[in-house]
Amino acid sequence: MSAIIISGKELAQEKRQNMKLQTEELKQKGMVPGLAVILVGEDPASQSYVRAKERACKEIGVHSELDVVPVSISEEELLQKIDELNKADHIHGILVQLPLPDHISEEKVIEAIDPAKDVDGFHPINIGRMMIGQEAFLPCTPFGIVEMIKSKNIELQGKHVVVIGRSNIVGKPVGQLLLNEHATVTYCHSRTKNMSDYTKKADILVVAVGRPLMINADHMKEGAVVIDVGVNRNEEGKLVGDVDFKSAKEKASYITPVPGGVGPMTITMLLHNTILSAERHLKEEN
């Protein structure tokens, strides 16, 4: 029996309809949610992602500002721009598109963003709050993954989740969010020996390594839930995930596609965080 598809595209559309209503309510109270994006250089993948964010903001009524700066910008100049946005009352979310040029420290840039406007959820203060289960802006891709699993009423409590990948953007935080939902979490990575010994025991398998078609049906148990975070281009230029969808869907109970899976949810959760930030600012004003 073929797996049930968890469509991030459909769930994102559903959530954005609700967000439209939220932004309309905020506007009636005199608050327009504002998102500022800084793009350093002209990386095509980053440009494409930023354009998608702009379209999504327009769709739900969020004010959006894009500042495209040359790759030659100094670290000091970039930090100055962030400082200005931190002080701007009409901006509730700040996002600096990664990756950055080698001469600019990603760490310094992330830490320069006001945690109250860190809608990407990367600031150490937000990560720390997430770790101990406090209110925080959650990293968008991991947040989206949890929302996708919950959308199908898949039980998380007591389930064995195996996360392949340990990046600060996806792997580490998604494991922590699932731990916060009372799952039992195992991390696998490039130095894990006999990885399939772990993946075959997973009730839920989250694959975020950036290696095309690395995982197939042989690596999983019957009825596993498979979340594919990978976005890769094969030799024909077609988008494929880290999971061999064709074989995995015959063994999994639920599976996310690529494209149309986790990707659309990342931008949607960014918008969610921006609206949440605007709501918090409105409360502070009142």
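The model is predicted, so to speak of local features we need pLDDT of at least 70, side-chain atom pairs count only at pLDDT 80 or more, and totals for chains, interfaces and linings use all residues. Residues are numbered from 1 along each chain as its sequence is written, and side-chain values use heavy atoms, with hydrogens and water left out.

**Exercise 1. Work out which residues of helix H3 are buried and how they are arranged around the helix.**

Step 1: Find the helix. H3 covers residues 75-87. Helices (H or I, at least four residues) and strands (E, at least two) are DSSP runs, numbered from the N terminus.

Step 2: Check its length. From first C-alpha to last, the 13 residues of H3 reach 19 Å, close to the expected 18 Å. That expected span is 1.5 Å times one less than the number of residues.

Step 3: List what's buried. Buried means under 20% relative accessible area, exposed over 50%, and partly exposed in between (1.4 Å probe, protein chains only). In H3, Glu75, Leu78, Ile82, Leu85 and Asn86 are buried.

Step 4: Look down the axis. The buried residues of H3 fall within an arc of 105°, so they line one face of the helix. The arc is taken from the directions from the helix axis to the C-beta atoms. Here's the background: an α-helix has 3.6 residues a turn, so residues three or four places apart point the same way.

Step 5: Look at the other side. The face turned away from the buried side carries exposed Glu76 and Lys87.

**Exercise 2. Describe strand S2: its partners, and whether its residues are buried or exposed.**

Step 1: Find the partners. Two strands pair if DSSP finds at least two bridges between them. S2 pairs in the parallel sense with S3 (residues 63-69) over seven bridges, and with S4 over four bridges, again parallel.

Step 2: Zoom in on Ile38. Its bridge partner in S3 is Asp67, while in S4 Ile38 stands opposite Val96.

Step 3: Check the cover. Seven of the seven residues of S2 are buried. Gly34, Ala36, Ile38 and Val40 point one way, and Leu35, Val37 and Leu39 point the other way.

Step 4: S2, helix H2 (residues 44-60) and S3 make a right-handed β-α-β unit. Right-handed means that, with the strands pointing away from the viewer, the path from the first strand over the helix to the second runs clockwise.

**Exercise 3. In the open sheet of six strands, name the edge strands.**

Step 1: Write down the order. It is S1-S11-S8-S7-S5-S6, with parallel pairing.

Step 2: Read off the ends. S1 (4-5) and S6 (184-188) each have a single partner strand, so one side of each is left without a neighbour in the sheet.

Step 3: Four bridges join S5 (residues 160-164) to S7 (residues 204-207), and Ile164 stands opposite Val207.
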